Amino acid sequence: MRLLVVTSLLLLMFSCFSSAVSSSLYSSCQLRGQFDLNGMHKPGDVVLGGIFRIHFFPAYPDLSFTSEPQQPDCYGFDVIGFRLAQSMAFAIDEINRNSNLLPNVTLGYSLYDNCVQLGTGFRAALTLVSGQEEQVTMEERCLGTPPVLGIVGDSASSNSIAISTVLGLIVSGDEYGVHVARSFRSDLGPADGVCLAYTESLPWGDDPAQLRRIVNVVKKSTARVVIVFAHESRLVTLMKELQGQFHLNGMHKTGDVILGGIFRLHFFPAYPDLSFTSEPQQPTCYGFDVIGFRLSQTMAFVIDEINRNSNLLSDVTLGYSLYDNCVQLGIGFRAALTLVSGQEKQVTLEESCLGTPPVLGIVGDSSSTRTIAISTVLGSYRVPLVSYFATCSCLSDRQKFPSFFRTIPSDAFQVNAMIQILKHFGWTWAGLLISDDDYGVHAARSFHSDLGPAGGGCLAYTEILPRAYNPAELRRIVDVMRKSTARVVIVFAHESRMFNLMKEVVRQNVTGLQWMASEAWTSGTSLQTPQLMPYLGGTLGIAIRRGKIPGLRDFLLQISPDKDHNNTEGNSMVNQFWEHTFQCRFAPPPAGWVEAGGELCTGQEVIENVENEFLDVSDLRPEYNVYKAVYALAYALDDMLQCEPGRGPFSNNTCAHLQRLEPWQLMYYLEKVNFTTTFGDQVSFDENGDALPIYDIMNWVWLPDGTSNVQRVGEVKRSTFKGEELTLDENKIFWNYESKQPPWSVCSESCPPGTRVARKKGEPECCFDCVPCSEGKISNTTDSMECTSCPEDFWSSPQRDHCVPKKTEFLSYHEPLGICLTTTSLLGTCICGAVLGIFIHHHSTPIVRANNSELSFLLLVSLKLCFLCSLLFIGRPRLWTCQLRHAAFGISFVLCVSCILVKTMVVLAVFRASKPGGESSLKWFGAVQQRGTVLVLTSIQAAICTAWLVSASPMPHKNTQYHNDKIVYECVVGSTVGFAVLLGYIGLLAVLSCLLAFLARNLPDSFNEAKLITFSMLIFCAVWVAFVPAYISSPGKYADAVEVFAILTSSFGLLVALFGPKCYIILLRPERNTKKAIMGRGTGT
C-alpha cells in the first residue's frame, strides 16, 4: 500500500497546468524537465497512451549531495516488455483497419517506458495527460481531442494505483485575457489554420462567480492552448480560482525562508459521489483534531522562537506554511504539492530568475502511508521531508527515500524495545495484533524476523484488525486470543482499531491478558475508561519521548482568529479551531445556524477559560518531535549559511547561497546536523535518516477509586557508544493480577540444565519438549538445543548438567579382591619360605637328600618367585609393571616346571640304572647336567620374553569399551603371538613333565616322587587349561584377577603336591625319615 500514492506528488508538482501562462510564471524557476522519456508515437484523431516496462533495472544516482543528483539511468532491455508495447501498437492498427469499429476515427498512440521506476512511470503519465510532448490536431471549429483519452498500463500494481490516484487531481486548462480579443478574432481564422474556441474577459475586481464561470468554460473546452493577455494581478486571481478546485486548510507566515508542515487537523474525510454523472467534488473534512492543531502551533512556536534567537539564523527570518491533511491521501498530496510548487504563494524572483524555492523542507506527515508516498516523490528531487510521527521501518531504505528524515524512532527500534521487554520478563509466548496498513504490516515483518529463540520468544498468532467495525471478524480474533495459551498480547495498531477490539473483549469477558501497546495507542485516553480498565489495567506501552518546551503554553494562549481572513482560503486553520472550541461560527454563518440558536464568533472569546487538552503541555510527546524536526532544519540551514567561500562541500569547493539554493544542497547539511535540545537530548541522523532513538515505557495504572493513570516506568534508548539500553523500575509497575506480580507467558517451560529442547513437529519454535541428555552428554545452560559430549576421561553427572572424571578401575590393593589375592600371594610366599627353611634344617635327612635336594631347593625358590610375581598384576598398571609381570611370570613358571621335569627325568634314570646294564644312563643326569638342563630350558623362556618385549612390548592402556562411565586400566599384551608362545612353552614343559611322571608312577620305591609329580602336573595343567577361556571372557581387572588366581592356584598345587607329603614325614612322622624306611618300603618289607 505504501506505493499507493507514492508518486502522486511528483505528477502534481511538475505538471499542475500545461497552460502557457502558468509556464511563463513558474516553469523557468521550478523543477521541470528533469526527465527524458523513451517512447514511440503514432498520430491519430484520438490518441491512446501506454506505459510499459522496456528496461529491467534503474541505476540510482549518487546520493552524496555534493552535486546536483541526476535522473536514474535504465539498463537491461526487456524484450517481453517491448513485445507488450508492440502488441498495443498492433491492436490499434487492427482497430483502424476494422470498418465496423470506429469507422470515422483513426486511433494513434504514445507509448512510454517506465524503467521499473515509479518516478519515471509518473513522468510518462504526466506527459500523456498534459500533452507536453504532443501536438494536438484541431478541427476547423477549433475543437479537438485532449492528448490522450486513456492510458494502457502500468505493468506494476503499485505504479498503477499511484498513477490512477494522481489522474483524478489533474486539471488541464489555462486562461487568456480578452483585452485584444477583437484583434485575434479579426486576424485568426480557418485560413490561418487556427481559430479561437472561446473568448472570455477577466473581471476587474474579485468576482468569484464570474471567475468560476470562466474556469468552467476553460475546463469544458478541448482547446489545449490558452492565450492570456492581461496584467499579472488579474492572472493571479484567475489562477487562484483554477487552483481553487481543491481547497486546503492552512495558516501561513512570510519569511526569507519558508518551512512547510503537514498535520492532521481533522479526523474524518467524507468522500464525494463517484457516479461520474456530475463533476466530483473534493472530500469534506469533519471532526476537528485539537491535538493535531496543537502540533501545528508547536511548529509555529518553534519558528517564532528561532526568529528571536540571535545565535541561530541571525540574518534570516523563517516563515511557515502549514496545511491540514484531513487523514486523506489525496489531500495530503495536494498539501505537499502546494508546499513544493508554491502555487498558493507569489514567489519573489530576481532579475535572473533566481530565488529560494517555495519551501526548503517539510515537516510531516503524521502517517507512515502518506509519508511513504510523499517522500518517494520528494526524494526524486531531493526535497527534505522530516517526519515527526511516521515510524514505518521501510522508510529507512535510503535508495527509495533519499530525502527522508525523522525525529521519531523507527518501528524496527520499537519492535526491538518490545522484544527487550519480553526478554526482561521471560515472556517467550505472545500474540500479535496489527492494523492493515504500512504501520502494522511492517511491524509484523520485524516481529517475525527478529522475534525467535535468539530474540527471546515467538508468536502464538498474528491477526489483522479490520479497518472498519466488523463484529464477525473481531469475534473470531478474540476467540483466537481466548483459546491461546499466550498471556501476552502485543497490539501494533491505532487507537480506533483497539477501541473496536475492546468492545468484543468486554463482551466475551476475556481477562488475564497482559497487553503491550505500540506508541500509536499507549497514550490513548479513549481507552482509559472504567469499563475497559479492568481489562487494560497493567498495560505496558511504548511511548514517544516526553519533552519540555518552555514557553509553548504562553504561545498557545496568544492564538486568536485572523478577522481579516476568516473567510479566505489558506488561513482558515485558526478560525476552524476557534469555531470548534467555542461552538460558534464566524460571519457569514451557515444557513440556519442562527435560527437554530447557534452563536456567532466574535474573536474575543477567552481561550484560557476553556477546559480541554489543548493547553495541557505536561505530556508533550509528538510535539517534542516536531520541535526537534524544525530545529534540525534550522541548524542545517544555519550550517549552510556559515559556509566559507572556497571551502564549501560542493563542486569546485563552492558554497550554497540563499538566493540560489537548491533543496538537495540543504540535504547535505541536514545529514550532518548534530545538536542538543534544551531538554538534554542529542539530535543527529544516521545514514538512513533516523535520529538516535529513545522511547519511554509507560504503564497503565488502575487506581482503587476507579480512575486511571499512565505513568512512566522506564525507557529504552540507543546511544552512540553503549548501544541499546533498557531501564525499568519494576517497583512502580502496576500488574492487574491478584498476585501483583508479572504473568508467566510461555508455550513450554524452559528446559533445565541436563536436558535439551526437542521441537514439536508442526508447532512454533517456542513449543517443545524437554528431553534428558543421554549418558555421557550434558547441557549446562537453560533451553539448550543440543547436549554436548564429555571429554574422553570424563562422564556426565547423574543430573547430566556437568562432567565428572570417570571412575577408574583396576585390580587394586585396597579392594577386597585385591586384598585377598595379595594375602594369598604373600601366604604362598611365606609357606615356600617355611618349607625351604624346613628343608634346609633337615637337609641331611634321607627324604630331603632323595632325588637331588639341590633341585628341590631350586624348585622352592621358583615357587616363591611364582607367588611373588602375582603381585605385579595388582595395582595400577605402569609401563614397568606391564613389561615385567608376564616376563617374571613366564620365567618363574618355566624355572619351576623345568625343575620338575629334570626331577622326573632323574627318577626315570635312577630306575634304569638299577637294572642290569643301565648304569650308563646315570652319567647323563649328574648334578651338572641337571643344572645345565634347567638353565637351558629357562634361558629359552627368557629369550622368548626378550624378543616379545623388544618387538611389541606390553604397555598400560585406558580401556573405555567395557564401561562408558569407567576407565579400566589394563596392560595390553602388545603381541598376542608373544604371549601365546610364552604360555605354550610353559604348557609344553608341563605336559612333558606330566607324561614322564605318569610313566614313572609305578616305580618300585617306597617314596615314589613320580606319583606326586604326576598329580601336581595334572593340577597345573587343569588350572591353566581352564585359565585360557576364563581369561579371554573376563573384562578389565577381572582378567588380571583370573591370571593371578591361576598363578596362585597352580603354585599352591605344586607346593602342596610336591612338598606336602615330605613336610608331613619330616615334621610329623620323623621315624619314616630314614633310609631304611624309604628303602624298606621299596622292597616290599
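I began with Asp 289, which I found in the loop between β10 (284–288) and α9 (290–307). I note at the outset that the model is a predicted one, and that what follows is to be read as such.

Is Asp 289 buried or exposed? I looked up its relative accessible area, which is 4%, so Asp 289 counts as buried, the cut-off being under 20%.

**Entry on the six-stranded sheet.** I next traced an open sheet of six strands, whose order I wrote down as β7-β11-β8-β12-β13-β14, with mixed pairing. The edge positions belong to β7 (250–253) and β14, and because each of these has a single partner strand, one side of each is left without a neighbour in the sheet. Averaged over this sheet, and with direction ignored, neighbouring strands are turned by 20 degrees against each other.

Within this sheet I gave my attention to β8 (residues 257–263). How many residues of β8 are buried? I found seven of the seven to be so, and strand β8 is therefore largely enclosed by the rest of the structure. I recall that in a regular strand the side chains alternate between the two faces of the sheet. For β8 I sorted the residues by direction: Val 257, Leu 259, Gly 261 and Phe 263 point one way, whereas Ile 258, Gly 260 and Ile 262 point the other way, and all of them are buried.

I then went through the partners of β8. With strand β11 (residues 318–324) the pairing is parallel and runs over seven bridges; I noted Ile 258 opposite Gly 319 of β11, and Ile 262 opposite Tyr 323 of β11. With strand β12 (residues 361–363) the pairing is again in the parallel sense, over three bridges, and here I noted that Gly 260 stands opposite Ile 362.

**Entry on helix α20 and its neighbour α19.** I turned to α20 (residues 663–671) and α19 (residues 622–641), whose axes come within 8 Å and cross at roughly 105 degrees. Because angles of 65 to 115 degrees are counted as roughly perpendicular, I recorded α19 as roughly perpendicular to α20. On the α19 side the contact is made by Ala 632, Leu 633, Ala 636, Leu 637, Asp 639 and Met 640, and on the α20 side by Leu 666, Tyr 669 and Leu 670. Classed by type, the residues of this contact are eight nonpolar, no polar and one charged.

I also looked up the burial of α20: eight of its nine residues are buried, so this helix is largely enclosed by the rest of the structure. The buried residues are Pro 663, Trp 664, Gln 665, Leu 666, Met 667, Tyr 668, Tyr 669 and Leu 670.

**Entry on helices α12 and α13.** The axes of α12 (residues 411–425) and α13 (residues 438–450) come within 9 Å and cross at roughly 50 degrees, which makes α12 oblique to α13. I recorded the crossing as right-handed. From α12 the contact draws on Asp 411, Ala 412, Gln 414, Val 415, Asn 416, Met 418 and Ile 419, and from α13 on Tyr 439, Ala 443, Ser 446, Phe 447 and Asp 450. By class I counted seven nonpolar, three polar and two charged residues in this contact.

**Entry on the three-stranded sheet.** Lastly I looked at an open sheet of three strands in the order β33-β35-β34, where the pairing is mixed. Which strands stand at its edges? They are β33 (807–809) and β34 (955–959), and because each has a single partner strand, one side of each is left without a neighbour in the sheet. From one strand to the next the twist averages 25 degrees. I followed β34 along strand β35 (residues 966–972), with which it pairs in the antiparallel sense over five bridges, and I noted Val 968 in β35 as the bridge partner of Asn 959.

Terms used: Residues are numbered from 1 along each chain as its sequence is written. This is a predicted model: local features need pLDDT of at least 70, side-chain atom pairs count only at pLDDT 80 or more; totals for chains, interfaces and linings use all residues. Side-chain values use heavy atoms; hydrogens and water are left out. Axes are lines fitted to C-alpha atoms, for helices over the stretch in contact, and angles run from 0 to 180 degrees between N-to-C directions. Helices (H or I, at least four residues) and strands (E, at least two) are DSSP runs, numbered from the N terminus. Angles under 35 degrees count as roughly parallel, over 145 as roughly antiparallel, 65 to 115 as roughly perpendicular and the rest as oblique. Contact means heavy atoms within 4.5 Å. Ala, Val, Leu, Ile, Met, Phe, Trp, Tyr, Cys and Pro count as nonpolar, Asp, Glu, Lys and Arg as charged, and the others, Gly among them, as polar. Buried means under 20% relative accessible area, exposed over 50%, partly exposed in between (1.4 Å probe, protein chains only). Two strands pair if DSSP finds at least two bridges between them. A crossing is left-handed if the near helix is turned anticlockwise from the far one by less than a right angle, and right-handed if clockwise.
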